[in-house]
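Reader: I would like to learn how to read salt bridges in a model. Please start with the general idea and then turn to the case at hand.

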Amino acid sequence: LIIDSRIPNVVIGCTDPFAQVSGKGIEKLKNAGTTVSVGILKKECLELNKRFFTFHEKKRPYIILKWAQSKDGFMDKKRTDTCPTINWITEPNTKQLTHKWRSEEDAILIGKNTAINDNPELTTRVVDGKNPIRIVVDRKLKLPKDLKIFNSEAKTIILNELKNEENDSILYKKVNFESFFDDLWSICIENDIISLIVEGGAFTINQFIENDLWDEARVLTGKPFFVGGIKAPKLNIEPNQQLSFGKDEISYYIK
């Protein structure tokens, strides 16, 4: 349409990394006599399209790690008979922000212990927006079927080493835990998941950190002091940005 309309000058922020189209449009424009300028506001364009670019360049989703921690650096108290329930760290209003984050990504991932301990629904409820695909790591298929992740509110992928099976909105995918991330990326590609938010728990998040498989982290720090419990993950870099959100603090890390 640009060529047919004889538009003389075209400005392109950055080229498309997708192999099937990369550079071909620019070539067609130049052959038609259009003057093409490439790389204008390139940094801003890369930021705007970072999920898409990461997916095509690294063959994996754009990965956001997210967790809440107490003032003294714990994700949770140790669950006992006298303390069996969720230990809330952030203020109720912060849930609205975290649900907004969920609505912006294609999928959300947690481990088995988080599913059992917190029984999260992992859906977008307190803001308008789409539900992410739920991905749960359950190696031996030990999760009770009455957990909220098994409801029909969103598609759920259960990563395990025992079976492949599809039951309504629940998809069981067999993976090799010796090459876990390679299999996870393949499943993400199959399901058009170009962005993934990892919500926990500590072991699961640390696996992504230790393998240097993350692009961004959002750490919410609340007011309580737990004085012991499950240590929060730690990133050995300074945050790019820190801000207050009500009584909570948010630290943003971007690689």
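Predicted model: local features only at pLDDT ≥ 70, side-chain atom pairs only at ≥ 80, totals over all residues.

Reader: What is a salt bridge?

Author: Side chains of opposite charge can pair when their charged atoms come close. The criterion is a side-chain nitrogen of Lys or Arg within 4 Å of a carboxyl oxygen of Asp or Glu.

Reader: How many salt bridges does this rule give?

Author: The count is 15.

Reader: Which residue forms a salt bridge with R51?

Author: E105, with an N to O distance of 2.8 Å. R51 is in helix 3 (residues 50-58), while E105 is in the loop between helix 4 (94-103) and strand 5 (107-111), 54 residues apart. Helices (H or I, at least four residues) and strands (E, at least two) are DSSP runs, numbered from the N terminus.

Reader: Is E105 buried or exposed?

Author: E105 is buried, at a relative accessible area of 0%. Buried means under 20% relative accessible area, exposed over 50%, and partly exposed in between (1.4 Å probe, protein chains only).

Reader: What is the closest N and O distance between D212 and K255?

Author: 2.5 Å, in a salt bridge. D212 lies in the loop between helix 7 (202-210) and strand 11 (216-221), and K255 in the segment after strand 14 (248-254), so the pair ties together parts 43 residues apart in sequence. D212 is partly exposed, at 48%.

Reader: Which residues are linked in a network of salt bridges?

Author: E47, K50, E216 and R218 are linked in such a network.

Conventions:
Residues numbered from 1 in each chain as written. Heavy atoms only, no water.
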